[in-house]
Amino acid sequence: MKKDISLFERPEKLGGYETGPYLEACGHLSWYDFVTAMPSLVFVVTGWKSNGKENACLQSWSSFAGSGADNFICILGKVNPGGHMYQSLKETKACVLNFPSNDIYDRCIKTIGNNQFETDEITASGLTAENAATVNAPRIKECFLNIECEFLWEHALFEGSQEVAVALKAVSICMDSERYDQSKLGRYGKSGFLFCVDQPTHPETGEITPFGPGVLAQGVPVPWMTK
């Protein structure tokens, strides 16, 4: 049975914590983030800080769309204008999107704690920085897919929003050749793309089901018949 779920009527606690402070501590999220628990690709945005140090920001809440043969666009859906990533993008107009598999995800998480301005954030987290092929930004060697991007535009999510959406255009892609063939390592499954899942939450009780990074499992093929 489907039920309507209000944006404003929510449990006093989520997972045992006061709801308001918990949402704020989780990255200024909405109650609906937890109700829907929609997956979103996980990647690390890298660039150069103004002091020449590496910047690395673990990112999700984003989407990708091709538009014509020559345009592949990434929309970073939630960017903090006060962070190093935003400052780097505005200064260099470039970045790299680095996609990790599960075996290096723990090191990617460490970029959150190694985010001081004077820190080489990639190196300090146990990862390897290498030069991008076409843009002024470092990329992460251990990541199986690197998308080099140029800055296009930014826009506030809504009037008074604390975050902005940022559009990037892919100008070059580097991929591990073992990922070309799904019968080898491939792009999907336990060794492929990772997805962030905001912890699935019971909308009436506030009970949270712990859920690690998601992976993509193949479903049953459905014939593409529109009539």
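1. Seven salt bridges are found when the whole structure is searched. The structure is a predicted model, and every distance and accessibility discussed here was computed from it. Side chains of opposite charge can pair when their charged atoms come close. The points below take up several of these bridges and then turn to the aromatic rings.

2. One of the salt bridges joins Glu163 to Lys78, with 3.4 Å between the closest N and O atoms. Glu163 belongs to the loop between strand 11 and strand 12, whereas Lys78 belongs to strand 7 (residues 72-79), so the bridge ties together parts that lie 85 residues apart in sequence. Glu163 has a relative accessible area of 9% and is therefore buried. Lys78 is buried as well, with a relative accessible area of 16%.

3. The side chain of Arg139 meets that of Glu130 in a salt bridge, at 2.9 Å from N to O. Arg139 likewise forms a salt bridge with Glu148, again with an N to O distance of 2.9 Å. Glu130, Arg139 and Glu148 are accordingly linked in a network of salt bridges.

4. Glu130, at 26%, counts as partly exposed, because buried means under 20% relative accessible area.

5. Setting aside neighbours within four places in sequence, Asn146 is in contact with Val96, Leu97, Asn98, Arg139, Ile140, Ser172, Ile173 and Cys174.

6. For the aromatic residues, the count comes to nine aromatic pairs. In one of them, Tyr22 and Phe34, the ring centres are 5.8 Å apart and the planes stand at 50 degrees, so the pair is tilted. Tyr22 lies in helix 1 (residues 19-25) and Phe34 in helix 2 (residues 31-36), so this pair ties together parts that are twelve residues apart in sequence. Tyr22 counts as buried at 18% relative accessibility, and Phe34 counts as buried at 2%.

7. The pair formed by Phe64 and Phe72 has another geometry. Their ring centres are 6.0 Å apart and their planes meet at 20 degrees, so the pair is stacked. Phe64 counts as partly exposed, at 25% relative accessibility, and Phe72 counts as partly exposed at 33%. Both rings belong to a cluster in which ring pairs link Phe43, Phe64, Phe72, Phe99, Phe144, Tyr188 and Phe193.

8. Phe144, a member of that cluster, also carries a charge over its ring: the charged end of Arg179 sits 4.3 Å from the ring centre. Phe144 and Arg179 are both in contact with Gly192, as are Pro100, Ser101 and Arg187, when neighbours within four places in sequence are left aside. Gly192 lies in the loop between strand 12 (164-175) and strand 13 (195-197). Although placed in a loop, Gly192 is buried, with a relative accessible area of 0%. The C-alpha atoms of Gly192 and Trp153 are separated by 30 Å, and the two residues are 39 positions apart along the chain.

9. Finally, the overall fold. The protein has five helices and 13 strands. Its radius of gyration is 19 Å, close to the 17 Å that the globule rule gives for 227 residues, so the protein is as compact as a globular protein of that length. The C-alpha trace spans about 50 × 50 × 35 Å along its principal axes. Of the 227 residues, 38% are buried. Among contacts with a separation of 6 or more, 58% involve residues 24 or more positions apart.

Note on methods. Residues numbered from 1 in each chain as written. Predicted model: local features only at pLDDT ≥ 70, side-chain atom pairs only at ≥ 80, totals over all residues. Heavy atoms only, no water. Phe/Tyr/Trp six-rings, centres within 6.5 Å; stacked < 30°, edge-to-face > 60°. Helix = DSSP H or I, 4+ residues; strand = E, 2+ residues; numbered from the N terminus. Buried < 20%, exposed > 50% of the residue type's maximum accessible area, 1.4 Å probe, protein only. Lys NZ or Arg CZ within 6 Å of the ring centre and 35° of its normal. Contact = heavy atoms within 4.5 Å. Salt bridge = Lys/Arg side-chain N within 4 Å of Asp/Glu carboxyl O. Rg over C-alpha atoms; globule rule 2.2 N^0.38 Å.
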